[in-house]
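Here is a short tour of a protein structure for someone meeting it for the first time. Take a look at the sequence and the model, then read on.

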Amino acid sequence: MQAAIDITTKYCQKDMEAYGSCVASNPSTWQQRCHELKMKVAQCTSSHPVIQRIRQGCSKEFMDFERCLRENQDNATSCSPHVARFVACAETVDIAHHLIITEQKPR
């Protein structure tokens, strides 16, 4: 999971920071106001093989988390158990193989 976070940060930091700031600035309306920024983060992260592998392996947990956020827009912290399940799943995804392939590709 740390590798996925590192990759996401490396390639998508600007988009992630903008989205995070938007969410923090709009606690009750972030779902609507920050949608475009959320899509930019999703587009950025979906282009990396490691992130794709985690999304495939943990799609149910991720969808459950997103559903919780939609249903609890005024209280996103109530989705903490969903985040924990997604992180636990992501920890089990075998990304080492994908990291080796990615790092060996000629640039």
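How many helices and how many strands does the secondary structure of the chain come to? The count is seven helices and zero strands, where helices (H or I, at least four residues) and strands (E, at least two) are DSSP runs numbered from the N terminus. Going along the sequence, that reads as α-α-α-α-α-α-α.

Some ground rules before we go further. This is a predicted model, in which local features need pLDDT of at least 70 and side-chain atom pairs count only at pLDDT 80 or more, while totals for chains, interfaces and linings use all residues. Residues are numbered from 1 along each chain as its sequence is written, and side-chain values use heavy atoms, with hydrogens and water left out.

**The chain as a whole**

The chain has 107 residues, and 29% of them count as buried. Buried here means under 20% relative accessible area, with exposed being over 50% and partly exposed in between (1.4 Å probe, protein chains only). As for contacts (heavy atoms within 4.5 Å), take those in the chain with a separation of 6 or more: residues 24 or more positions apart account for 62% of them.

**The disulfides**

Now for the cysteines. The structure holds four disulfides, a disulfide being a pair of cysteine sulfur atoms within 2.5 Å. If you number the bonded cysteines in sequence order, the pairing goes 1-4, 2-3, 5-8, 6-7.

| Disulfide | S to S distance | Torsion about the S-S bond |
|---|---|---|
| C12 and C44 | 2.0 Å | -90° |
| C22 and C34 | 2.0 Å | about -90° |
| C58 and C89 | 2.1 Å | about -95° |

Let's start with C12 and C44, whose link is left-handed. C12 sits in helix α1 and C44 in helix α3 (residues 35-46), so this pair ties together parts that are 32 residues apart in sequence. C12 counts as buried because its relative accessibility is 2%. C44 is buried too, with a relative accessible area of 17%.

Next come C22 and C34, with a torsion of about -90° about the S-S bond, so this disulfide is left-handed. The pair links distant parts of the chain, 12 residues apart, with C22 in helix α1 and C34 in the loop between α2 (30-33) and α3. Both C22 and C34 are buried. Setting aside neighbours within four places in sequence, C34 is in contact with Y19, C22, V23 and N26.

Then there are C58 and C89, with a torsion of about -95°, so their disulfide is left-handed. This pair also links distant parts of the chain: C58 is in the loop between α4 (49-57) and α5, while C89 is in helix α6 (residues 80-92), 31 residues away. C58 counts as buried because its relative accessibility is 0%. C89, at 11% relative accessible area, is buried as well.

**The nonpolar cores**

Which residues make up the largest nonpolar core? There are nine of them: Y19, C22, W30, C34, V41, F65, C68, L69 and C79. A nonpolar core is a set of buried Ala, Val, Leu, Ile, Met, Phe, Trp, Tyr and Cys residues joined through side-chain atoms within 4.5 Å. Helices α1 (2-25) and α5 (59-71) each supply at least two residues of this core. The largest share, three residues, comes from α5. Apart from this core lies another, of seven residues, among them V50, I54, F86 and C89.

Over in helix α6 you'll find H82. Is H82 buried or exposed? H82 is buried, because its relative accessible area is 19%. Not counting residues up to four places away in sequence, H82 touches D64, F65 and C68.

**Where two helices cross**

Two packed helices are described by the angle between their axes and the distance between the axes. For α3 and α4, the axes come within 7 Å and cross at roughly 105°. The axes are lines fitted to C-alpha atoms, for helices over the stretch in contact, and angles run from 0 to 180 degrees between N-to-C directions. That makes α3 and α4 roughly perpendicular to each other, since angles under 35 degrees count as roughly parallel, over 145 as roughly antiparallel, 65 to 115 as roughly perpendicular and the rest as oblique. The contact is made by A42, T45 and S46 of α3 together with I51, Q52 and R55 of α4.
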